[in-house]
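Me: I am new to this structure and would like to learn how to read its features one at a time. Please give the general idea first, and then the case at hand.

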Amino acid sequence: MQLTVWTYEGPPHVGAMRVATGMQGLHYVLHAPQGDTYADLLFTMIERRDQRPPVTYTTFAARDLGGDTAELFKTAVQKAYARFQPQAMIVGASCTGSLIQDDPGGLARALDLPIPMIAIDLPAYQRKENWGAAETFYQLVRALAGPSMPAPGTKRPSRPEGRRPTCNLLGPSALGFRHRDDVAEITQLLGKLGIDVNVTAPMGATPADLARLGDADFNVVLYPEVAGLAASWLQRTFGQPFTKTIPIGVTATRTLIAEVADLAGIDASAVLDSERSRLPWYSRSVDSTYLTGKRVFIFGDATHAIAAARIAQDELGFRVVGLGSYSREFGRELRDAAKLYGVEPLITDDYLEVEAAVAELQPELVLGTQMERHIAKRLGIPCAVISAPVHVQDFPARYAPQMGFEGANVIFDTWVHPLMMGLEEHLLAMFKDDFEFADGALPSHLGTGHAATSAVAAPMADVHSSSASDITVVWAAEAEKELHKIPFFVRGKARRNTERFANENGVVTITVETLYDAKAHYAR
């Protein structure tokens, strides 16, 4: 255990809540003290759901510890069933609740309710949120789809002639980063290929839907952190193959299309030829200083971090200088990815280690979670969020997938907009020695007390009244001509500063020498 003010993942029962909240017709009874009800806010406040998670807490208090907490739990289960009438229930304990050792699974089964009762035993102090989500989904799939599994050694029958191929989409859950829109994007893509989606789970599925997972021809795994364990069990039990490619980025989307077409036995050339992502052309068409060689640091869950590194280097021309993840269960995959970019992998759940790495590497762009957004802001580095955990602004009202061809468009906009455009960078480099851009130069738009008001360029050799005093100064023709060589967007300030310098030094006629003396004076 480690005391911290920030954590990338919650305890495993939060992962179970993500699965239960994403599903319909399922209820979760959690043996937990009063304080653990905070988890509701993750879904109602951050994800902006319009209803509470389907979770009943026993909410035992300190005074209950001297009594019968087991009876308290059984009463909570009975009341939850009577009130919500779910198709199935899962039961378990929070971190604190597990210390009581009341055996929620045994207590719930003893009630003999007429629905499936699935015990979720999560090691609260050894594992974390994503593992809890994966274990919960696996136990649900095994309990609900298990009764219809074929006898061991039974060969999977061929698809009937004329029937469209079907698949399951596995992995999307509540609180997932853009899961809602990813599902819509990939469902649409599969439809273009002539493939029907049998079940999407856990998000949007009912317990009855999980019971028919075995009807599909194969599985498309969108988020291995949640669905990897269940997909492996379905492959062993029902003979369903599953995809290995995560369709984030143009290249990966095309690879998934080819992989799915091979599993379904169809021709995908028409869909591949009709690709509409703007990312490839946009990334080639912008000027090289805008994208090429930009040093990027990436941190997040393993799925999104590995995909982001591939897109950054291969599709946008960035240079990956740091790659890390808090997903320890996927450490091997992350290390393999880091080798491709010649960087040392950072596998940690300590945000202070991540901040130290960012400060040391000084990248030009950070791609990470909500915490990396804060780190980058403190260090003055552009940042884009690519992975959970995220805050409320990363559950947008608009359609904003990360997967598929439209997801690639969203990624391009999200990653590139924080960067300085090439023209802006070029102008700042050209005029970095000008007093307009010198450190400490006051903004000219702040009004009285900061800078003089804008002046309109006057004809050559005209007479101007200085803003610093009543002394009238005259611009020589050569000085006026030299002034017009200064870019228009700083010319007004150059005129005002030169006139102020002339007044302070008793110069009546501004010459070319006066103009450059003023520039040198204010550049110090």
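**Reading pockets, helices and buried residues**

Reply: Start with a pocket. Helix 9 (224-238) and helix 14 (302-315) each supply at least two residues of the lining of the second largest pocket. The model is a predicted one.

Me: Which helix gives the largest share of the lining of the second largest pocket?

Reply: That is helix 14, with five residues. The lining as a whole has 16 residues, and those nearest the centre of the pocket are Pro224, Lys244, Thr245, Ile246 and Thr303.

Me: How much space lies in the second largest pocket, and how do the residues of its lining divide?

Reply: The space comes to about 410 Å³. Of the lining residues, nine are nonpolar, four polar and three charged.

Me: How many cavities of 30 Å³ or more does a search of the whole structure find?

Reply: The search finds one. The volume of this largest cavity is about 50 Å³.

Me: Which residues line the largest cavity?

Reply: The lining consists of Ile248, His304, Ala307, Ala308, Ile311, Ile386, Gln402, Ile411 and Trp415. By class, seven of them are nonpolar and two polar, with no charged residue. At least two lining residues come from helix 14, and at least two from helix 18. Helix 14 gives the most, four residues.

Me: Helix 18 has come up now. How are two packed helices described?

Reply: In general, one gives the angle between the two axes and the distance between them. Here, take helix 10 (residues 250-264) and helix 18 (residues 404-416): their axes come within 9 Å and cross at roughly 170°. An angle over 145 degrees counts as roughly antiparallel, so helix 10 is roughly antiparallel to helix 18.

Me: Which residues make the contact of helix 10 with helix 18?

Reply: Helix 10 contributes Val250, Thr253, Arg254 and Ile257, while helix 18 contributes Gly404, Phe405 and Ala408. By class, the contact between helix 10 and helix 18 has four nonpolar residues, two polar and one charged.

Me: Now for single residues. Why does Ala134 count as buried?

Reply: A residue is buried when its relative accessible area is under 20%. Ala134 has 9% relative accessibility, so Ala134 counts as buried. The residue is found in helix 6 (residues 129-145).

Me: Which residues is Ala134 in contact with, leaving aside neighbours within four places in sequence?

Reply: They are Glu225, Val226 and Leu229. Distance in sequence and distance in space can also be set side by side: Ala134 and Ala16 are 118 residues apart in sequence, and 8.2 Å apart in space from C-alpha to C-alpha.

Me: Is Thr498 buried or exposed?

Reply: Thr498 is buried, because its relative accessible area is 1%. Thr498 belongs to helix 21 (residues 488-504). With neighbours within four places in sequence left aside, the contacts of Thr498 are Trp475, Ile510, Thr514, Leu515 and Ala518.

Me: To finish, what does the secondary structure of the protein come to, and what percentage of its residues is buried?

Reply: There are 22 helices and 15 strands. Of the 524 residues in the protein, 53% are buried. As for contacts with a separation of 6 or more, 71% are accounted for by residues 24 or more positions apart.

Conventions
Residues are numbered from 1 along each chain as its sequence is written. This is a predicted model: local features need pLDDT of at least 70, side-chain atom pairs count only at pLDDT 80 or more; totals for chains, interfaces and linings use all residues. Side-chain values use heavy atoms; hydrogens and water are left out. On a 1 Å grid over the protein atoms alone, a cavity is a set of points where a 1.4 Å probe fits but cannot get out, and a pocket is an open set with protein on both sides within 12 Å along at least five of seven lines; lining residues have an atom within 4 Å of a point. Grid points are joined across faces, edges and corners, and a volume is the space filled by probe spheres set on the points. Ala, Val, Leu, Ile, Met, Phe, Trp, Tyr, Cys and Pro count as nonpolar, Asp, Glu, Lys and Arg as charged, and the others, Gly among them, as polar. Axes are lines fitted to C-alpha atoms, for helices over the stretch in contact, and angles run from 0 to 180 degrees between N-to-C directions. Angles under 35 degrees count as roughly parallel, over 145 as roughly antiparallel, 65 to 115 as roughly perpendicular and the rest as oblique. Contact means heavy atoms within 4.5 Å. Buried means under 20% relative accessible area, exposed over 50%, partly exposed in between (1.4 Å probe, protein chains only).
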